[in-house]
Amino acid sequence: MPIREVVSRCAPKAKLWLWLASAVVSLTLAAGTVYSWTHAGSRHAPVAEKGVTVSSYAEAETAVTPHLPQDRVVPRVSTGVLLNALQFINAHNVKATGHIWQHLPPGFPEDIEPGVLLLEAEDPHCPKKVFEYPLGENRVVVWSFSTVIRQQFNYEDYPLDHQDIWLRMRPVDMIHPVQLVPSFESFPPWDAKALNGLDPDLVFGDWEPDYTVWSLNRQEYSMLAHPGLANTDELYFNVGVSRGLLGPMLGRIVPVLLLAVLMFLSLFVITTDPDRRPISGFTAFAIITFSVSTVLVVAVNDNAARTEIGSAGISYIEYWYFTLYVMTLLVALNATLLLHGTFSKVVTWRDNLLPKIVFWPLFTGIMFAATLGYLGV
């Protein structure tokens, strides 16, 4: 049997095996990416980003004692928080509404003004006293607040990001040293996953609550300790949240996948057969038009994502757009090489088969590498 006939018979099988290998590699890399997505949330441990996490009075005392003067007694004021509403206004502003209360023990110094400052709020003095009542030997004073809090969130893992929203509190009395501590007597034994301190009907929108924890943080203001600048540990009430994936999936990831499919299909329009080119519309102008249109669509989505997260750095989602830029360039380069005749044996092999075979392994490989870099396994 002539060698040419043997080759012609084996060619379809070889082509099938190449497509099968391409599909297996692509699906394996895509599965690894999805696996990393699904495990991104479980790796986010309940931990505050600021200060030392405390879950009991003993832990709070251990955290604050080294920072307090030893020559006098600094009153500890038990402070509790109940958040009724949390809403992301933009990338770095959160509107918070709720109540704050303090347990004042018998003999609490009259010259010390109770209350808290919300240091990162639009108006740190926004809590308004609503009522007070006796509770055993103590006196409980309650304030309400509704304010916008500005924080520097990290959107590096967007749209699979986790954020730590906190209320940063200091005593309203800045003259006399007063140490705020969590009001653990107002809650069951503290469990971060129990979401203590949150209204059960609190609406998070596209976010899901992960934990609530207290933390104490020492801030050094580089100022001398004298009246008017009393400095004790700041109290933080932290709420950990995870972004829901459905919204970003439909708004960001699905359009990227659709554009990738369109680019892949364009490879089947590209042909080495001169007789089929008029039918497929394969011309230099068509190549340039398609590439420019794709780049514009990707750029619009990329800018919209950057505007949404307000990030100066590079987030995970942008690697999807960068990958599309690369794939668009390679598709245009492939078509140009076909027209120009450069590397003709490689490009024209099996009617432009090689670019079709490597398209999805290359696309999914870049995404898997980016996922490992940002989210881990």
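In helix H2, which spans residues 57-64, the buried residues include Ala60, Ala63 and Val64. Viewed down the axis of H2, the buried residues fall within an arc of 85°, so they line one face of the helix. The model described here is predicted.

- An α-helix has 3.6 residues a turn, so residues three or four places apart point the same way.

**Pairing of strand E2**
- Strands E2 and E8 run parallel and are joined by four bridges.
- Opposite arginine 76 stands glutamine 179, a residue of E8.
- With strand E3 (residues 93-104), E2 pairs in the antiparallel sense, over 10 bridges.
- Threonine 97 in E3 is the residue opposite alanine 85.
- A hairpin is formed by E2 and E3, with four residues between them.

**Nonpolar core**
- The largest nonpolar core contains 75 residues.
- The residues with the most contacts inside this core are Leu83, Leu86, Leu167, Met169, Trp214, Phe237 and Trp320.
- Leucine 86, when neighbours within four places in sequence are left aside, is in contact with Val94, Lys95, Ala96, Ile165, Leu202, Val203, Phe204 and Val239.

Key. Residues numbered from 1 in each chain as written. Predicted model: local features only at pLDDT ≥ 70, side-chain atom pairs only at ≥ 80, totals over all residues. Heavy atoms only, no water. Buried < 20%, exposed > 50% of the residue type's maximum accessible area, 1.4 Å probe, protein only. Helix = DSSP H or I, 4+ residues; strand = E, 2+ residues; numbered from the N terminus. Arc of directions from axis to C-beta. Pairing = 2+ DSSP bridges. Core = buried A, V, L, I, M, F, W, Y, C linked by side-chain atoms within 4.5 Å. Contact = heavy atoms within 4.5 Å.
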